[in-house]
Amino acid sequence: MKLDTLAVSCALFGFVAAETRLTGDILQGYPVIENLDITDVPANTISRYWISAAQAQGGGVSYFLPIFVARGSNDSIESGARLSLGGSIHGDELNPVAVVQRVFRELNESGIVQSGDFNGTVIGLPTQNPSGNVNNQRNFFSSSSNGFFYDLNRIFPGESIADGGDIASSYVNTIWNNVWGNGSNVNIAVDFHTLSTGSIGPLWAYADYRLNGVQRLAELAQPDIIKIDPGQEGTIETTWVDSDVPAITLEVGPANNWNQTLISRAVDFTFRLMDDLRMTSGGTPQVDLSNTYRATNFSDVYSSYSGWVEMYISPLEDVEEGQSVGTVYNSWGDVLERLVSAVTGRVLQVQVDPAIEQGSSVASIVYNETMS
Ligand SMILES: [Zn+2]
């Protein structure tokens, strides 16, 4: 079922209060908290907090996450939407950092929250994985044994140390329980990502259409591609969806840069979403999907060899089954393999780092199985 507005679905979810607990510490001028309950946060204010999601080796060095909370009027704490905006759970995915920062900057500069006219609450986490940022890397580093990496976006909602979780599991569990209140602080969510390092691509969404509200959320983004997708266990998006909270993963172009065009599109989406949720007063947006390609399937192009790849396709280009898309060379420059598309569809992402390993994907093409 397609909802005319997400406000309808969001009003249905329950609300369980906890408590915002301050540790008494102040970091860079902002208070450190152990737990967030948005009902305790000052109304008509954009607040900033830190939370320590885990302590690393080195005598217990904390991974502090910055938390924005834009809380609207007192009345809106229960009647308004409770929106979560998360960025950079993968540490090389940096467009999302700018997206979350800019949303709160624009909210602040507009004065809407301070005016008493803001209807609801927005929680923003611009940098969900400082360990990944420190290591210039997608994953979270554990120093146990001789050290290894965790993909945090495969282990949500995690487990506390008391329940048997390890450092990475308890880290994500702190976000899940102590920032998002096990869902009580949030009833609609967007997790911003980018492609992995080495590839380029457009603005596109993963959306699990089986949950009411998700399709509308994805369409409000007006992305270049909507991948209608059953989700993946352990991701932030799917953990929300499994909790009946409409959520999408919005992929904002390539890793490790700030692409201002795509950042602006993601910020514009967020303000359209707030209008749609009646958090702001712009009215129900008309979405324009004339440039949005909807697809149900991926077809990746894999290299059989380690070597050097030259690609002939670009994101959003339409390709035909059997079309030549790239060539793999050895270190002499001799041809190892000529790559072709297995399907007719639209190019989603293309590898631009020429150094490739055997078995790795060098392009993803999306297509709609029901149309081919
Ligand atoms: Zn990611």
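First, some ground rules. Residues are numbered from 1 along each chain as its sequence is written. This is a predicted model, so local features need pLDDT of at least 70 and side-chain atom pairs count only at pLDDT 80 or more, while totals for chains, interfaces and linings use all residues.

Let's start with the whole chain. It has nine helices and 22 strands; these are DSSP runs, H or I of at least four residues for helices and E of at least two for strands, numbered from the N terminus. The radius of gyration is 21 Å, close to the 21 Å that the globule rule gives for 372 residues, so the chain is as compact as a globular protein of that length. That radius is taken over C-alpha atoms, and the rule is 2.2 Å times the number of residues to the power 0.38. Along the principal axes, the C-alpha atoms fill a box of roughly 65 × 55 × 35 Å.

How much of the chain is buried? Buried residues make up 49% of the 372. By buried I mean that 20 or more other C-beta atoms lie within 10 Å of the residue's own; 12 or fewer is exposed, in between is partly exposed, and C-beta atoms are placed from the backbone.

Now the domains. The assignment gives domain 1 (6-276) and domain 2 (297-371), with bounds that come from an automatic or database domain assignment. Their centres, taken over C-alpha atoms, are separated by 32 Å. Ten residues of domain 1 are in contact with ten residues of domain 2, where contact means C-beta atoms, placed from the backbone, within 7 Å. On the domain 1 side, β10 (199-200) and β12 (225-228) each supply at least two of the residues that touch domain 2.

Next, the inside. The largest nonpolar core has 95 residues, and Ile 67, Tyr 171, Ala 205, Ile 248 and Ala 266 touch the most other members. A nonpolar core here is a set of buried Ala, Val, Leu, Ile, Met, Phe, Trp, Tyr and Cys residues joined through C-beta atoms within 7 Å. Helix α6 (residues 167-179) gives the largest share of this core, seven residues. Both domain 1 and domain 2 give residues to the core, so it lies between them.

Strand β11 (residues 203-207) has five of its five residues buried.

Strands β16 (residues 307-311) and β18 (residues 324-329) pair over four bridges, and Met 311 stands opposite Gly 326.

Finally, some backbone details. Most residues other than glycine have a negative phi, and most peptide bonds are trans. Ser 88, not a glycine, has a positive phi of about 60°. Ser 88 sits in the loop between β5 (81-87) and α3 (95-110), and it counts as buried with 28 C-beta neighbours inside 10 Å. Arg 278 also has a positive phi, about 65°, in the loop between α9 (260-276) and β14 (293-295). Arg 278 is buried too, with 22 other C-beta atoms within 10 Å. As for the peptide bonds, a cis one joins Phe 156 and Pro 157, with omega about 0°. Pro 157 lies in the loop between β8 (148-150) and α6.

Note on methods:
Pairing = 2+ DSSP bridges. Contact = placed C-beta atoms within 7 Å.
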